[in-house]
Amino acid sequence: MEPELQVSTLDHLGLVAGVIDELGLVELTDAELPVHGQNCLSGGQVLKAMLLNCFGFLSAPLYLFSEYFESKPVSHLLGDGVEARHLNDDRLGRVLDALFESGTTMFFLKVALQAVQHFGVDTTQLHLDSSSFSVDGAYLATTTSADADAGMDDFQPIMICRGYSRDQRPDLKQYMVNLVCSRDGGVPLWLQVANGNQSDSQAFAGIMGEFAAQWQLDSL
């Protein structure tokens, strides 16, 4: 009996995976997120899979995430023994929760510092701007007095609400993303997710103050 022929599609994802490995993103993530012995995938491997999915130019709900990798050489991209079925919505959701609890802004800062040092990014000139991202569905208030009494302020989510829409969809609720980039290649150095009704004139001074507290740069 002839062996069954199996074909996998790598496309451009090998280049993306190579850059992620060169940056050491998996190891950095694993150092930040707790690891459980029963997990088939570490947090770093899950994050790498999410990035590969993003650069695969495909958007789908988390419960369909594993289907994207069924035609990909998963063990080659993510590590020996890794299968597409391991990338289920429960594992992805727990990693996203862990990233939120650890602080997305500080995690992004550590990744950016590592990238600047490794690739020698010039940071003598910087640019700060914000973008709005519209969402579908009904988003209600997520903070209650009971949450505040229970000490939930440190993990209070952003407000998804109506505001000035840069993508010309004032009918939809939105959230904001503040981003500081270097002039050298437009490399992002600081990321902060904010409420949908944020006022740039009021927020930008505070953002630059927080950024300056973490980055010791002559350009500031």
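Within the largest nonpolar core of this predicted model, which comprises 31 residues, the members touching the most others are Leu-52, Phe-65, Phe-69, Leu-78 and Leu-87; such a core is a set of buried Ala, Val, Leu, Ile, Met, Phe, Trp, Tyr and Cys residues joined through side-chain atoms within 4.5 Å, where buried means under 20% relative accessible area, exposed over 50% and partly exposed in between (1.4 Å probe, protein chains only). Another core, of 13 residues, lies apart from it and includes Val-116, Leu-189, Trp-190 and Leu-217. Residues are numbered from 1 along each chain as its sequence is written. Local features need pLDDT of at least 70 and side-chain atom pairs count only at pLDDT 80 or more, whereas totals for chains, interfaces and linings use all residues, and side-chain values use heavy atoms, with hydrogens and water left out.

The structure holds five aromatic pairs, a pair being two rings of Phe, Tyr or Trp (its six-membered ring) with centres within 6.5 Å, counted as stacked if the planes are under 30 degrees apart, edge-to-face if over 60 and tilted for the rest. The rings of Phe-133 and Tyr-175 are stacked, because their centres lie 5.5 Å apart and their planes meet at 15 degrees. Phe-133 is partly exposed at 39% relative accessibility, and Tyr-175 is likewise partly exposed, at 25%. Trp-190 and Phe-211, in contrast, form an edge-to-face pair, with 6.1 Å from centre to centre and 85 degrees between the planes; Trp-190 is buried at 2%, as is Phe-211 at 0%. Ring pairs also link Phe-65, Tyr-68 and Phe-69 into a cluster.
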